[in-house]
Amino acid sequence: MATALPLCLLLALLLPAPALPAPHERGLIFNLDTGELCMQSAQCKSGCCHRVSGLSLARCAPKAAEFQECSPRSPYGVYYNCPCESGLTCKADKTIVGSITNSNFGVCKDPRSSDGSR
């Protein structure tokens, strides 16, 4: 019985280890880094799945910074220009045709700035 106690103790220490996730573990479908192929923005760490043209492969890209060209959020989840970083808004001309063709492009602006420039 004396050997059973250390064996139970060893099992108790080893069993919870696989249940703990590895920090910042990258997946094959989600949590993708910049430059990796994607099909939806939800797959990317940055939150932007970007393509250059309708025939190009989409890849994860960083969100647009202030004064960079942007696209408003889209239900498609793939952008020709990434949406703005947190805290910025995409000042774009939003039209129904632009929403369908994903061509509503604008510029990222800080909504707290009175004229949009520094």
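I began at Asp110, which lies in the segment after S5. I am working from a predicted model.

I checked the burial of Asp110 next. Its relative accessibility is 17%, so Asp110 counts as buried; the cut-off for buried is under 20%.

I then looked at what the Asp110 side chain reaches. It comes to the backbone nitrogen of Arg112, at 3.0 Å.

**Cysteine pairs**

How many disulfides does the count come to? I get five. I numbered the bonded cysteines of the chain in sequence order and wrote down the pairing: 1-4, 2-5, 3-7, 6-9, 8-10.

**Cys44 and Cys60**

I found a disulfide between Cys44 and Cys60, with S to S at 2.1 Å. The angle about the S-S bond is -80°, and the link is left-handed. Cys44 sits in the loop between helix H1 (4–14) and strand S1 (49–50), while Cys60 belongs to strand S2 (residues 59–60), so this pair ties together parts that are 16 residues apart in sequence. Are Cys44 and Cys60 buried or exposed? I noted both as buried.

**Cys48 and Cys82**

I looked up the sulfur atoms of Cys48 and Cys82 and found them 1.9 Å apart, in a disulfide. I read -85° about the S-S bond, and the link of Cys48 and Cys82 is left-handed. Where do the two ends lie? Cys48 is in the loop between H1 and S1, and Cys82 is in the loop between strand S3 (69–70) and strand S4 (89–92), so the pair ties together parts 34 residues apart in sequence. I checked burial here too: Cys48 and Cys82 are both buried.

**Cys84 and Cys108**

I recorded a disulfide for Cys84 and Cys108, with their sulfur atoms 2.1 Å apart. The torsion about the S-S bond is about -105°, so I logged this disulfide as left-handed. The pair links distant parts of the chain, 24 residues apart. I placed Cys84 in the loop between S3 and S4, and Cys108 in strand S5 (residues 106–109). Last, I looked at accessibility. Cys84 counts as buried because its relative accessibility is 7%. Cys108 is buried as well, with a relative accessible area of 0%.

Notes:
Residues are numbered from 1 along each chain as its sequence is written. This is a predicted model: local features need pLDDT of at least 70, side-chain atom pairs count only at pLDDT 80 or more; totals for chains, interfaces and linings use all residues. Side-chain values use heavy atoms; hydrogens and water are left out. A disulfide is a pair of cysteine sulfur atoms within 2.5 Å. Helices (H or I, at least four residues) and strands (E, at least two) are DSSP runs, numbered from the N terminus. Buried means under 20% relative accessible area, exposed over 50%, partly exposed in between (1.4 Å probe, protein chains only). A polar contact is a pair of N or O atoms within 3.5 Å; within protein, one must be able to donate a hydrogen and the other to accept it, and residues adjacent in sequence count only if both atoms are side-chain atoms.
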